[in-house]
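Please look over the sequence and the model shown here before reading on.

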Amino acid sequence: MIYLDAAATTFQKPDTVYKTAISAMRTVSSPGRGGYSAAWKAAELSFRCREAAADLFKMESPEYVIFTFNATHGLNIAIKHFARPGKKAVISGYEHNSVLRPLRAVGAEIHVVSAPVFDTQKILDGFESSITSDTAVVVCNHVSNVFGFILPVEEIAHMCAERDVPFVLDASQSAGILNLNFHALKAAAVAMPGHKGLYGLQGSGLLLCSELLNPILEGGTGSDSMDSNMPLFLPDRLEAGTHNMPGIAGLSAGIRFVAAKTPETIQIHEKKLVQYTASSLLKMKGCYVFFDPTMQQQTGVLSFYHEHIPSEHIAAKLAERGIAVRAGLHCSPLAHKSAGTVEKGTVRVSFSAFNTQREVDIFLNAIENILRDEKRELFTKSSHDFVAI
Amino acid sequence: MVYYLMICRSLTYAQRAARTLERHGIAAIVTKAPQDVSENGCAYCVKVPEKRLSEALVALKNTELAPSKVFVLYSDGHYSEVQT
């Protein structure tokens with residue numbers, strides 16, 4: 001299989017991730033749940049993972065690194081802490097349903113800042129006029145999961161800090177790829193998956209926070225057991241129940257892989273593949289490609305659609321050829337509204353550190369063949385229609 | 001041999017304290033705190049050798065990791081709180 005769906009999850013992992021996760025299954029139990037060797041190994045492993053994340057994201061203290069099941073889990077914690085029914089929540093027009101749905105569930109008054117793809121200035125102007133003193137929270141993704149559009153989150157975070165409004169960052173598509181300095185950003189919370197740019201296992205994620213947030217899940221923590229309320233300290237307050245230790249072990253190895261390789265190197269590699277892919281797709285008749293030629297505002301995610309062939313059909317034809325991409329709305333109807341692609345959806349190609357130019361060549365060749373076949377079919381259909389008329 | 005048990009509010013906090021002490025060259029072991037010294041049940045502590053207590057307390061205070069309580073642990077398993 002040629003896997004070009006890293007924005008959903010990175011399918012290929014570093015060998016150390018597989019090995020560490022399997023080793024954890026065999027050797028560790030649960031941190032804070034016993035005084036025996038397997039429990040202490042689990043405690044050490046989880047602490048090392050927190051330390052590695054704190055180092056990568058420039059955090060002062062590892063206890064503010066919270067283990068979650070995925071980015072959605074972290075976003076739910078942060079959003080449900082800060083958002084209030086009837087109070088204003090400002091978001092970008094590129095948010096995933098993992099932001100939109102929790103805000104809707106809380107009953108927040110959602111204010112969407114829309115702008116065309118790659119129009120950074122319009123995004124900034126929109127946030128500038130929308131963030132007011134009565135704003136309960138601002139939530140923004142670092143990178144659009146549909147278009148790879150890098151949003152100006154440093155500037156948005158600065159606006160929030162100036163106005164004393166909590167800023168929540170969805171780093172689902174940027175963690176491990178773009179430099180993320182938690183200390184400098186001054187965000188209230190940053191949510192990220194462990195299984196995308198950090199190359200961990202599905203079912204793992206991190207929430208970085210700067211203050212004590214309210215839990216959305218209560219239960220055992222291995223601490224303050226006599227108290228029927230959740231502990232008033234992190235990470236325990238937000239980590240009820242047994243930890244996903246193989247996931248944490250894999251995530252720890254994934255973070256070390258990223259730190260050793262550096263996010264910059266991974267980003268350069270992915271951007272080169274996007275440029276290479278886009279330059280060929282742009283030459284194909286009927287293809288509309290969302291591409292920033294400067295690559296200043298785009299990561300390793302590329303969306304396109306064909307004016308006549310449905311996106312899902314292209315993805316299905318690619319799947320028949322053993323090529324994995326994702327088509328449709330990508331759980332981000334807001335992004336498609338902003339780009340004007342709600343009707344057609346897009347075909348999304350997204351790269352990881354493990355993809356190669358050869359794989360892209362095979363993908364491009366497959367697309368050419370699909371377009372040629374479909375064009376022939378379209379021509380045949382229209383000829384029949386003509387005859388029928 | 002006599003040790004001191006420095007009570008920490010959480011496992012992660014105890015691990016941070018132990019890391020800090022290790023960086024100062026002080027051997028520190030994270031263990032579960034005895035039930036009757038943990039006020040709220042299930043707590044953790046950092047165990048340090050008798051001779052390194054004052055040095056350890058300074059290191060932890062300087063990094064805002066001062067323990068909530070300190071107990072002396074005698075070789076026969078008994079322990080008692082000490083004022084720091």
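Predicted model: local features only at pLDDT ≥ 70, side-chain atom pairs only at ≥ 80, totals over all residues.

Residues are numbered from 1 along each chain as its sequence is written, chains are lettered from A in the order in which they are written, and side-chain values use heavy atoms, leaving out hydrogens and water.

**Contact between the chains**

- Chain A brings 25 residues and chain B 15 residues to the contact, where contact means heavy atoms within 4.5 Å.
- About 1,600 Å² is buried between chain B and chain A, with carbon and sulfur atoms giving 53% of it; buried area is the accessible area (1.4 Å probe) that two parts lose on being put together, summed over both.

**Salt bridges**

- Three salt bridges are counted between chain B and chain A, a salt bridge being a side-chain nitrogen of Lys or Arg within 4 Å of a carboxyl oxygen of Asp or Glu.
- E63(A) pairs with R16(B), their closest N and O atoms being 2.9 Å apart.
- E44(A) and R19(B) also form a salt bridge, at 2.9 Å from N to O; because E44(A) lies in helix α2 of chain A and R19(B) in helix α1 of chain B, the pair joins two chains.
- R19(B) is buried at a relative accessible area of 15%, whereas E44(A) is partly exposed at 26% (buried means under 20% relative accessible area, exposed over 50%, partly exposed in between, with a 1.4 Å probe and protein chains only).
- E44(A) and R19(B) belong to a network of salt bridges that also includes R48(A) and E51(A).

**A sheet in chain A**

- Four strands form an open sheet in the order β9-β10-β13-β12 of chain A, with antiparallel pairing; strands are DSSP runs (E, at least two residues), as are helices (H or I, at least four), numbered from the N terminus, and two strands pair if DSSP finds at least two bridges between them.
- β9 and β12 of chain A stand at the edges with a single partner strand each, so one side of each is left without a neighbour in the sheet.
- β9(A) pairs with β10(A) over four bridges, and C287(A) stands opposite H306(A).

**Nonpolar cores**

- The largest nonpolar core has 61 residues, and F57(A) and F127(A) are among those touching the most other members; such a core is a set of buried Ala, Val, Leu, Ile, Met, Phe, Trp, Tyr and Cys residues joined through side-chain atoms within 4.5 Å.
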